Amino acid sequence: MCRILLVEDEETILFALRAGLFREGYDILTAGSLAEAGILAEENPDLIVLDLGLPDGEGLEFLKRCRKMDGPPVIILTARDEEADIIRGLDMGADDYVTKPFKLGILLSRIRAALRRSRPDSGEDSAAQRLVCGDVVLDKIETRVCAGGKEVLLTAGEYRLLEILLENKKRTLTRTLLLEQLWDIDGNFVNSNTLTVLIKRLREKLGGDPQRIIKTVRGIGYKAEDGDEI
């Protein structure tokens, strides 16, 4: 289990991040100040998500210390969106820079990418990172989806929904289960009507018969199956 240190003093953002990352299977450490971050950094997190404006100082100073100590990847998460700030953060050694407001799904994708880059020799089977159902291929490493050999551009919510369905190929997933997994992928509650719309849009983007890949199990939910299966 990867351990992520969240350095953020805004409680609302911290709560959403902690909940979202926990559901993705990460072990979470939280710090609301540079002092707390310095202590928790000694617990060897695999990645740090760092705010810049903290009560007791500047986040970039913490980033500088992390780089001097050859620490883990650092993703800056801040409201500072000026080009000069972004360049400065990246030049000082940040692995990525995400500005607020942000989509949780996009941040999760950046976290996965940073962790992959930091552990190139982890021995992870790349084949296991490709989910295939009929002519639909979801590549977790590149965060890319193809249908019929052509790339399909999906929103973060659509991508996560497809990922869940393909990870559970041939298994019927209830609407309740899907809602529990999707509720804050964009930082907002996903209700039953929104799920219906996500399914409809995802089917349209994948093309062909709506039941070709994503099949409706009447009165229960949905499941992913190869198009030629009954």
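**Entry 1: Leu 161 and the cores**

I looked up the contacts of Leu 161 (contact: heavy atoms within 4.5 Å) and, leaving aside neighbours within four places in sequence, found Leu 178, Leu 182, Leu 195, Leu 198, Ile 199 and Leu 202. This is a predicted model, in which local features need pLDDT of at least 70 and side-chain atom pairs count only at pLDDT 80 or more, while totals for chains, interfaces and linings use all residues. Residues are numbered from 1 along each chain as its sequence is written, and side-chain values use heavy atoms, with hydrogens and water left out.

I then asked which members of the largest nonpolar core touch the most other members. They are Leu 161 and Leu 165, in a core of 26 residues. I take a nonpolar core as a set of buried Ala, Val, Leu, Ile, Met, Phe, Trp, Tyr and Cys residues joined through side-chain atoms within 4.5 Å. Buried stands for under 20% relative accessible area, exposed for over 50%, and partly exposed for the range in between (1.4 Å probe, protein chains only).

The elements that give two or more residues to this core are strand 8 (130-133), strand 9 (136-139), strand 10 (144-147), helix 6 (156-167), helix 7 (175-182), helix 8 (192-206) and strand 14 (221-224). Helices (H or I, at least four residues) and strands (E, at least two) are DSSP runs, numbered from the N terminus. Helix 6 supplies the largest share of the core, six residues. I also noted a second, separate core of 20 residues, which includes Leu 6, Leu 21, Leu 107 and Ala 114.

**Entry 2: helix 7 against helix 8**

I looked up how these helices pack and read an angle of about 90° between helix 7 and helix 8, with their axes 10 Å apart. The axes are lines fitted to C-alpha atoms, for helices over the stretch in contact, and angles run from 0 to 180 degrees between N-to-C directions. Helix 7 and helix 8 are therefore roughly perpendicular, the term for 65 to 115 degrees; under 35 counts as roughly parallel, over 145 as roughly antiparallel, and the rest as oblique.

Helix 7 brings Arg 175, Leu 178, Leu 179 and Leu 182 to the contact, and helix 8 brings Ser 192, Leu 195, Thr 196 and Leu 198. By class I recorded five nonpolar, two polar and one charged residues. Here Ala, Val, Leu, Ile, Met, Phe, Trp, Tyr, Cys and Pro count as nonpolar, Asp, Glu, Lys and Arg as charged, and the others, Gly among them, as polar.

I found an open sheet of three strands in the order 12-14-13, with antiparallel pairing; two strands pair if DSSP finds at least two bridges between them. Strand 12 (173-174) and strand 13 (214-217) are the edge strands, each pairing on one side only. Strand 13 and strand 14 run antiparallel and are joined by four bridges. The bridge partner of Val 217 in strand 14 is Gly 221. Helix 6 packs on the sheet and touches strand 12, strand 13 and strand 14, its direction making about 70° with that of strand 14.

**Entry 3: Lys 169**

I placed Lys 169 in the loop between helix 6 and strand 12. Lys 169 is partly exposed, at 29% relative accessible area. Not counting residues up to four places away in sequence, Lys 169 touches Val 132, Cys 133, Ala 224 and Asp 226. Lys 169 and Cys 133 are 36 residues apart in sequence, and their C-alpha atoms are 7.6 Å apart.

**Entry 4: strands 8 and 9**

Which residues of strand 8 form the covered face, and which the uncovered one? I recorded Leu 131 and Cys 133 as covered, and Arg 130 and Val 132 as uncovered. Strand 8 and strand 9 run antiparallel, joined by four bridges; Arg 130 has Asp 139 of strand 9 as bridge partner. The two strands form a hairpin with two residues between them, and Gly 134 in the turn has a positive phi of about 60°.

**Entry 5: backbone details**

I noted a cis peptide bond between Lys 100 and Pro 101, with omega about -5°. Pro 101 lies in the loop between strand 7 (96-99) and helix 5 (104-118).

Asn 44, a residue other than glycine, has a positive phi near 55°. Asn 44 is in the loop between helix 2 (34-40) and strand 3 (47-50) and is exposed, at 61% relative accessible area.
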